[in-house]
Amino acid sequence: MQWFERLQAKRRELGWTKRELHRRSDVPYDSVVKYLKGDVENPRGDILDKLAWAVGVTALWLRYGVEEGQLAELRREGQSVPIVTLGEVAIMGLQAAIDAARAAGRVTPTIEIMGPSSFAVTIEDDSNTPILAPGDCVFCNPRSSPQPGALVVIKAGDQVLIRRYRVTSLAANGHAAAEFIPENPNHPTIRTATDAPVLILAVATHRVHKL
């Protein structure tokens, strides 16, 4: 069951309309409708906290269907994701790099529950300093829908990079023109073009700074 299905179930259990959930959570009505339909995979900011509080559950339960004690138990069981390098992904492809890292035992414990296709990347260059420094670890989810402003893993030509996603225009056919911006201005911005498409491989969801 996904998070929005749990929200739907609690709303129905309470006998609330969508508008009542909007009123009690102080989340905009149009947004409530989108969330209940499952149109948004990862709500921003404190939205989950507001919705969870309104229906009387924790944000952890709403997002993952577990409470804190269960989450701790899952972590003790050693849930982990493979650690890949961007160079490996460029050469092998994402899934092959993930499979190879897991087979080699290159894994790291997750900082929260993530799907089996999730992976981690250790930062090796300064293209995103000061946000990401060499040695930092970034957790990535290839199933998340990229939102403007998100850090994403992209394949551009023969390179695989982490950049910030920004939509520059939207064509009548719904296709977006975008640019992928480094945090460090000494590195080039990559822009989509007909002859040089950019593929978004995953969305960076969490980072762990090297101490």
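Before counting anything, I noted the cut-offs: buried means under 20% relative accessible area, exposed over 50%, and partly exposed in between, with a 1.4 Å probe and protein chains only. On that basis 37% of the 211 residues of the chain count as buried.

**Ground rules.** I am working from a predicted model, where local features need pLDDT of at least 70, side-chain atom pairs count only at pLDDT 80 or more, and totals for chains, interfaces and linings use all residues. Numbering starts from 1 along each chain as its sequence is written, and side-chain values use heavy atoms, with hydrogens and water left out.

**Overview.** I find eight helices and nine strands in the chain; these are DSSP runs numbered from the N terminus, helices being H or I with at least four residues and strands E with at least two. Accessible surface for the chain is about 11700 Å², with 53% of that belonging to carbon and sulfur atoms; the areas come from Shrake-Rupley with a 1.4 Å probe. I then looked at contacts (heavy atoms within 4.5 Å). Of those with a separation of 6 or more, 56% are between residues 24 or more positions apart.

**Strands.** I followed β3 (residues 119-122) next. It runs parallel to β1 (residues 80-84), joined by two bridges, and antiparallel to β4 (residues 137-141), joined by four. Two strands pair if DSSP finds at least two bridges between them. Ala120 turns up in both pairings: it is the bridge partner of Ile83 and stands opposite Phe139 in β4.

**Helix pair.** Helices α2 (residues 18-25) and α3 (residues 29-37) have axes that come within 9 Å and cross at roughly 120°. That angle makes α2 oblique to α3, since angles under 35 degrees count as roughly parallel, over 145 as roughly antiparallel, 65 to 115 as roughly perpendicular and the rest as oblique. The axes are lines fitted to C-alpha atoms over the stretch in contact, with angles from 0 to 180 degrees between N-to-C directions. On the α2 side I listed Lys18, Arg19, Leu21, His22 and Ser25, which meet Tyr29, Val32, Val33 and Leu36 in α3.

**Two lysines.** Lys10 is in helix α1 (residues 3-14) and counts as buried because its relative accessibility is 15%. Setting aside residues up to four places away in sequence, Lys10 touches Val55, Val57 and Trp61. Lys34 belongs to α3 and counts as partly exposed, at 46% relative accessibility. With neighbours within four places left aside, Lys34 is in contact with Asp39 and Val40. I also checked Lys34 against Phe4: they are 30 residues apart in sequence and 9.5 Å apart, C-alpha to C-alpha.
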